[in-house]
Amino acid sequence: MELHMIILTGVLVTVAVYLLLSRNMIRMILGTAVLSHAVHLLLITMGGAADGHVPLLGESAGPYVDALPQALILTAIVISFATTAFLLVLAYRTYQETGTDDLDQIRRARRE
């Protein structure tokens, strides 16, 4: 199970890097969102979510899952959502001003 999650994390990082290297602003924003999800999945995997039990009173005394990585990831999800929303608004405003979302065309228009 853990190996599958690590492979999925690698695939998500690969997709994110491909999107980040694009000239289109929307693809770059989607790349940052996918990369943040890959990091969340990696943290969950490294936190050992599949290895332990829920830490409840009266349950077995087996190994428990640490709740700290899950709490940190929940906070990171909220922050990445806010960052993605800000970047989308910034891209929309840039599109309104320039009429394009291609970064090369924006650079050329800015030089002229």
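The legends below describe close-up views of a predicted model. Residues carry numbers from 1 along each chain as its sequence is written, and side-chain values rest on heavy atoms, with hydrogens and water left out. Because the model is predicted, local features need pLDDT of at least 70 and side-chain atom pairs count only at pLDDT 80 or more, while totals for chains, interfaces and linings use all residues.

**View 1. Confidence along the chain.** The mean pLDDT (the predictor's confidence in each residue, from 0 to 100) of the chain is 87, and 87% of the residues score at least 70. Confidence is highest in helix 1, at a mean of 94, and lowest in helix 4, at 83. Helices here are DSSP runs of H or I with at least four residues, numbered from the N terminus. Where pLDDT is low, the predicted coordinates should not be read in detail.

**View 2. Nonpolar patch on the surface.** The patch consists of V13, V17, L21, L35, V39 and L43, which together have about 490 Å² of accessible area. Its members have over 30% relative accessible area and no salt bridge, and their nonpolar side chains (Val, Leu, Ile, Met, Phe, Trp, Tyr) are joined within 5 Å. Areas come from the Shrake-Rupley method with a 1.4 Å probe; for residues, only the protein chains shown count as cover. Helix 1 (2–20) and helix 2 (25–46) each supply at least two residues, and helix 2 gives the largest share, three residues. L21 sits in the loop between helix 1 and helix 2. L21 is exposed, at a relative accessible area of 70% (exposed means over 50%, buried under 20%, partly exposed in between).

**View 3. R23 and D102.** R23 forms a salt bridge with D102, with 3.8 Å between the closest N and O atoms. A salt bridge is a side-chain nitrogen of Lys or Arg within 4 Å of a carboxyl oxygen of Asp or Glu; the count by this rule is four. R23 lies in the loop between helix 1 and helix 2 and D102 in the loop between helix 3 (68–98) and helix 4 (103–111), so the pair ties together parts 79 residues apart in sequence. D102 is buried, at a relative accessible area of 14%, whereas R23 is partly exposed, at 48%.

View 4. D104 forms a salt bridge with R23, the closest N and O atoms lying 3.1 Å apart. This pair links distant parts of the chain, from D104 in helix 4 to R23 in the loop between helix 1 and helix 2, 81 residues apart. D104 is partly exposed, with a relative accessible area of 22%. A salt bridge also joins D104 to R107, with a closest N to O separation of 3.2 Å. About one helical turn separates D104 from R107, because they are three residues apart in helix 4. Salt bridges that share partners join R23, D102, D104 and R107 into one network. R107 is partly exposed, at 47% relative accessible area.

**View 5. Q96 and R93.** Q96 is placed in helix 3 and is partly exposed, with a relative accessible area of 42%. The side chain of Q96 makes a polar contact with the side chain of R93, at 3.1 Å. A polar contact is a pair of N or O atoms within 3.5 Å; within protein, one must be able to donate a hydrogen and the other to accept it, and residues adjacent in sequence count only if both atoms are side-chain atoms.

Key
Patches are made of residues with over 30% relative accessible area and no salt bridge: like charges are joined within 9 Å, nonpolar side chains (Val, Leu, Ile, Met, Phe, Trp, Tyr) within 5 Å. Buried means under 20% relative accessible area, exposed over 50%, partly exposed in between (1.4 Å probe, protein chains only).
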